[in-house]
Each structure stands twice: as C-alpha cells, then as structure tokens.
Amino acid sequence: MKDAQPHTVYLKDYRAPDYLVDTVHLHFELQPKATLVRSQLKIRRNPEAGEGLPPLQLDGVELELLSVSIDGELVPASRYRELPDGLSLPVAAPEFVLEIHNRINPEDNTSLEGLYLSNDMYCTQCEAEGFRKITYYPDRPDVMSRFTTTIVAPRQYPVLLSNGNEIARGTTEDGRQFVTWEDPFAKPSYLFALVAGDLQHVEDSYTTASGRQVKLQIFTEAKNIGKCDHAMRSLKKAMRWDEEVYGREYDLDIFMVVAVDHFNMGAMENKGLNIFNSACVLASPETATDSAFQRIESIVAHEYFHNWSGNRVTCRDWFQLSLKEGFTVFRDAEFSADMNSRAVKRIEDVSLLRTTQFAEDAGPMAHPVRPDSYMEISNFYTLTVYEKGAEVVRMIHTLLGGAGFRKGSDLYFERHDGRAVTCEDFIKAMEDANGVDLGQFRRWYSQAGTPVLEVTDAYDSASGNYALTIKQTCPATPGQEKKLPFHIPLAFGLLGADGRDLPLDAAGTTQMVLQITEAEQTFSFSGLTERPLPSLLRGFSAPVKVRYGYSTEQLLFLMRCDSDEFNRWDASQRLALMALEQLQRDYREGNKLQLQAELVEAYRSVLQNRDLDPALVAEMLSLPSEQTLAEQGEQIDAEAIIVARRFAREALAEALHDDLLACYRRLHTEKPYSPDAADIAERSLKNACLAYLCATGRADTLLLAQEQFRDAANMTDSAAALAGLVNHGDEAVAQSALDSFYQRWQQDTQVIELWFGLQSSSAKWGKLDKVRALMQHPAFELKNPNKVRAVIGGFANRNFTQFHCSDGSGFAFVAEQVVVLDKLNPQIAARLVIPLTRWKKYLGELGLQMKQALQSIMDTGKLSADLYEVVSKSLV
Ligand code: TRP
Ligand code: ZN
C-alpha cells in the first residue's frame, strides 16, 4: 500500500520547492527481483523559496535504501530519517551533490507504477507519482532537471532505451550490455522512462518544416512487428499537423514509441520515448476494428502533441493537470476532426461527455476541472479533467476565433517554454494576446457541476421581434453548494419554415455566438417575418444541458433541415429520448408498450437519405445508451430503462426491416479494406443495420450475420457479425462462433481482449456465471488491466442489463473483484468501483444493494489510498 493513512492535499497549500535539481545521473543494473539504482543529483537551494537551509525532503515509496552520500562523503544512517513515504536529511550548504543507492523489485511490482516487468520487458510508468517508486527524489512536476541514464542489463535484453539521445554503449567486464542516454531538455521526473527487452522495431523518418531529420521508431515484441504501420502513419500526420496548425516542431533527433501489454492507461508521453498500451498502438486490418484504428490515430497524436503541451510547458502541480490534458485532448480532437469526419468526431466526443462526464459531475466524486484537493492524484485522471477540460479550451477557441486562439497559444508557448505553470498562466496568455477579459470565464476551472440552460422564446408577428430568454443554473456538488453564473458561449441559429437559416442581423449573419454571463438574460432580434425555430448550442458550443420545449414535429424538422450536422444528430437523440421516456412511463404504469410512429418514420427517412454521410446516418440511427437514459432524470429506474430500450430497439428493427436490409445489402461490398474515413463510414452504417437486423431474432437475418462472420476479411466486419450472433443468436450458434473465433485468434492478445469484452458486455450472453467462467479462462489474467477492463469492466460499465440484475449479484461480484484487485493494482481497483458509487440515484432495492456492496469493500479494512478515497467519498 502506498500510503498507510490517506491524507488530503490542498491546492491552497502549494509552496515552491525548497531545493532544485539541476542534473540527475541515473544508473540502473536490471535484475527481476533486485534492480540496483544509483542516482546522483546536483542540488541547489531554490532562491525563490525563502531563507536558511531547511532539511531536504525526498519522496520514496517501497524502496530499499542502501546508502546516502553528500559530496562524495557517506552520510551515516543516524544523520537522516527514513519515513514511510520518503527521506529527510539535513543540509549544510546551498549547493551539493547527493548520491543515493537503492534497490527495487520490478518483478513483484503489479501496481504498474515505477519500474515493472511486462512479459519479460522492463518498463516504467512515472506519471503522476511513480518515480518515487524508483528512487528517492523530489517527485513533483515543478522540479525540472536534465537527466542522463545508464542502463546495464544481461544480454537477453538487447534493446535498452531511455529519454533523449544515445551517447554511449558497450559491454561491462562481466559481459553485460550498457547504454547511456542523455536528454538535453530539463523535465520533471514524471516524464522519465526506461525500457529494456528483446524488442524489434520499425523505423521511418520525418523531415520537419525547418528541414531537420527526425528518426522515428516503434518497438514491439517480434510477433507484433506487422502491426506498427498504422501508428507510424498516424505519427507522421500528427507531426505535420502540429506544424501547420500550431507552428510547433519536434525538438529531438529521435522519437520512439514502445508497445507494452501491461499498462494502466492508454499511453504516456515520456520525453522522446512514448510508452503505449499495446491496444492503443498495434493494429492490422485483419486484427483491429475501425474504432481501434481511429483510437490509435488519436492517441498517437495525443501523446505526440504533449511534447509541447505538457513537456516543453509542463504543470506546476497536479491540481493543474487539465492544463496539459484538457489542452492536449482539444488538440487531438481537432486533429482527428481534420483527418476524418468533423461532425462524426464531435458526436462521438459529446456522447462520451454526456453520458460519463455528466454522470461524474453529478456524482460523489464531482470536482472542478482544476480540483481544490485530492487524496490520491491517480483518481483525478478523470473525464472532467480530460474531456470537460478540453471543452473549456474549445470554448476559449470559440470565444477568440481560430486566429485569436493561435495568437494566444503562441504567446503561451513562448512565455512559458521550459517552465512548470498553471491553468491561470494559460488563460492569461489567451487574454494578453487578444486584449480580452476572461475573468468570469475562469469559473469553469473552479466550479464543478453541469450547468443547465432553460430557454424560452417569444415572437411578436406585428413588430417582427423575436426574444430568446436564457436562465442558467448549476446543481450543488460536494463542497460547493452555491454557484456563480458561468460565461457560456451559445452558438445558435434560427430556422425559417422552409428550413433555411434566417438572417440574425442587418448584415445577414445566420449563426451567432451568444455570450451568456448572467443568471437570466434576454436576447432580441428584429426584422423576422415569420416565427423562427431556434437551433441551440450548435456544435455543442459549451458543456451544458439545454432545455427547450421542442415538440416532436419541431425535432423532426431540425433532424431534416438544420444546417448544423451536429444539431441534426442532436435532434434525433432528443426525439429518441422523448420516445424512450414515454416507454418507461408506460412500463411503470402497466400500459401496453408502443413505439411512437413518428420516430419510426424519422428513422426510415434517415435510412433512405443517400445525401448524408453514412457515418452520420449510423449515429442518427443509434438509440441513446442505457447509461445516457440513466443520466437523464433525478432517479434511475434500471428495470424500466432496460425494458424500454430493448423494446424500442426490437420494434424499430421489425418496422424498418426492409429498409435496413436494403441498406445493408447496398453497403455490403467486396471492396478491399482501407481504414480511411469514407470506408469506415460505410462499414459503420452497414454494421449498424446488421445489429438492428439481428435484434429481430429472425432466422434469416441471423443467417446474414453467420455469412458475414464466415466471409469477413477484416476485423470490423468479423467482430460486428460475431456481436450480432452473441447478442441475439441462440446459445449453440453463439458458442460455436465464439469457439471458432478463439481458435483462429488465440495467439493475438488484442483480438482476445475484444473476444472477452464482447461476451461480458452482452445483455443476453454476459450473465454473471458466464463472466465468472471467463475469469477462469486460461487467457484471462488478473494482473493485466486490459483483461480486467475487458471482462470485469465490460460487465460493470457496458452490460447495463446484467450488472443491474435485480438480486444484486452483479454489484456483489464487482465489489468482491475490487477488493482482490486492490492488493495487486490500486489504480485499477479504484476505477472499477466507480459504477457502484452512484447508488443514491437508484430507485428501491438496487440502490441499497449497491450501497451494501460499497460498504462491504470498506469493511475489509486496509484499502489503498486510491480505493479508500473513492469508496469513502461515495458512502457519505
Ligand atoms: N499522461 C497520460 C496521458 O496521455 C496519462 C497516463 C498514462 C497516466 N499512464 C498513466 C496517468 C498512469 C496516471 C497513471 O493522458
Ligand atoms: Zn494526455
């Protein structure tokens, strides 16, 4: 356990570091159970931190300390104090060289922080506070230092990597290899990385805008060497894009990427040596789905973009995490929008935000984009910090315009290059470069919760005046009862009866961004010769909920006519939500369920519309998820949600059968696979049709899935067909498809993860006993987060039906697994428990059962700081 007594850290207690580190020399002798670490630090009193020479406090966790010396003199153990989480030693001079020797145990490190072994490959993960599990160090991002690293390893680890440039290599007297790396850029310890293993690599090169040659390398185990091409192409596109859009060039002569099977998150932006979860970098058409291709493109870009937004300019402290993550997610989202369909990318991101981030913002762990306190920082790598943080940056972009935003980012990078800074510094640069005041806008960083906009309107036909009245409120969140009004950019337009945008002013502007700054505000427009229909929050211009009393007819109209593609989709979702809410009411009241005819006809016309991007059609045809439905009301009636959504899906499938089949047939071609946007779009619509068709349960449509499964030449089609059979086929058919799929792909880790996830997230197939059986499968590994996320996470997060089983067995199961996992990997345990934390919103027994499951975790006693924070905060 990292921390015996979890304690709370507050932003208001921030103090500059007492000492700075100018250079670090690290020396590793790799051994599975006893790696020797020698570190030599050139330390200097921080002139900005006050007078005198206070004791030097270093962070260190689970380290075996061997020796300490200062300026070459051994310090006797009686002179320093070893603490559970560090080391304290007296200081005699304002500048000195500290040398520390310690031992660590990578083989037994299942937390996957610090130095650990993954399939006989050594690798590190230091963000946020993992470096302290390698050696004693001031492990905080405002201490930036130049690192030199020597790795000594036996010959079975021929590839030895660290940050920066290789400056020496050779053989030791006892026949081991060594390599020395030097990183010319000062960096915080969280960006340190080391990799050692028997790895192969693919290589390419990139010429920067100023004509420098950069060597690009992607390292993997030999068996995966054929799965690196897509990541390499994505990397080169990202490098070009950052030059074109932000004027940012890469700064070292080499950029390396390593794929690792055991990894807590998606990937890590270590300087010059990005480390990736294998699932987020390796792909081939035969083994990876389209969504995997797109995920890889965006994550490769995300980590690359961190080189500027995160590494060159880094965070002063971890409360500022969104400074790098919100900005970098915004950058990668814009990159993906430029590479693919902008509207579809936006829809995907907003769907994620509305379901998971809105739920987080309404739950017990709700926190501002810049939190005020935390017990364990790993718990704050959240949708709020990442996705809502990106929305906040996007709003600045909307307020300043593209050119203004670029002026701001240029000033930000210029002013703060090589520094550790705050969210305030980011906004200040945006303000100063544009001469604007973002004073009120800053509340987005400090106030949690999702604002709600109540919109009403009035039209006076005599004068031609139209008035939009907007009221904003924001619900209370833990520790924040009252909120002040936000500065909200609301993009909008007005539609006339012919479906065209009406002019909003004398200049003929058809779209405007309203600046909402007060609790209640009215905006007036004149010269309107007919009553307009407002299209509100176009492109989702702010992370808020908009309430306006649209009628079914008005939504159908917006779905057909809105010039904003995002809002056409949004209208389809509002329409479906209305229908699903009606079905839930009918179910509760014991009425016969019947699907609104208008919804069926709206879907039919979308399906028949050949002018729309097929990917957009697929999005418009997809019903809001159970999670989205759960997020809507004050209380969650899980059973009504399950019944209503299932009914609607099956009713749509029956009613649209012929259109779905025609569309499926039209798009089911023999084209060779390409992961380009147009082809991905066609496959997504085709497979959306197939999923609906399978939901009818009819034998002839399941036969289609069987055929597609048999003939598929790419994983997108193969997995979609398999999902159809597993979700709707009879037991024997599903089992035989699953078996043959396993037989074919058992050697491929990424495909097997998909195979696990598809089963445990299936409402029909993924019953608890099946999920337990999957955990007994030889390919399952509790120490591998991807396997845990696929099987247990698939059940808890993506199998709404079985997780919410009325006897509470799903909750008890997750609680039981969380307790076991906490001993191995606290970060993963603390994430897996999240679906249990929303117990207060659930109606009846389910809520109580969830609470009991949480309490049972608490009652086991000794929890990690990670898990303790989430469980204790959600039990209050
Ligand atoms: N900085 C990483 C990113 O790109 C996040 C990350 C990777 C991380 N691994 C981690 C955070 C381990 C905490 C713990 O978003
Ligand atoms: Zn990131």
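How far apart do the C-alpha centres of domain 1 and domain 2 lie? I looked this up in the predicted model and found 31 Å.

**Conventions.** I note that residues are numbered from 1 along each chain as its sequence is written, that chains are lettered from A and ligands numbered from 1 in the order in which they are written.

**Domains.** I took the bounds, 9–198 for domain 1 and 314–446 for domain 2, from an automatic or database domain assignment. I found 12 residues of domain 1 in contact with 20 residues of domain 2 (heavy atoms within 4.5 Å). Between the two domains about 1400 Å² is buried, and carbon and sulfur atoms give 61% of this (accessible area lost on putting two parts together, 1.4 Å probe, summed over both). On the domain 1 side, Val-9, Leu-11 and Pro-141 lose the most area, together 39% of what that side buries.

**Ligand 1.** I then listed the 15 residues around ligand 1, of which Glu-127, Ala-267, Glu-269, Glu-303 and Tyr-386 come nearest (a heavy atom within 4 Å). I looked up polar side-chain atoms next: one of Glu-303 lies 2.9 Å from a ligand oxygen atom, and one of Gln-125 lies 3.3 Å from a ligand nitrogen atom. I computed that the protein covers 97% of the 370 Å² of accessible area that ligand 1 has on its own (Shrake-Rupley method, 1.4 Å probe).

How values were computed: Predicted model: local features only at pLDDT ≥ 70, side-chain atom pairs only at ≥ 80, totals over all residues. Heavy atoms only, no water. Polar contact = N/O pair within 3.5 Å; in protein donor to acceptor, adjacent residues only side chain to side chain.
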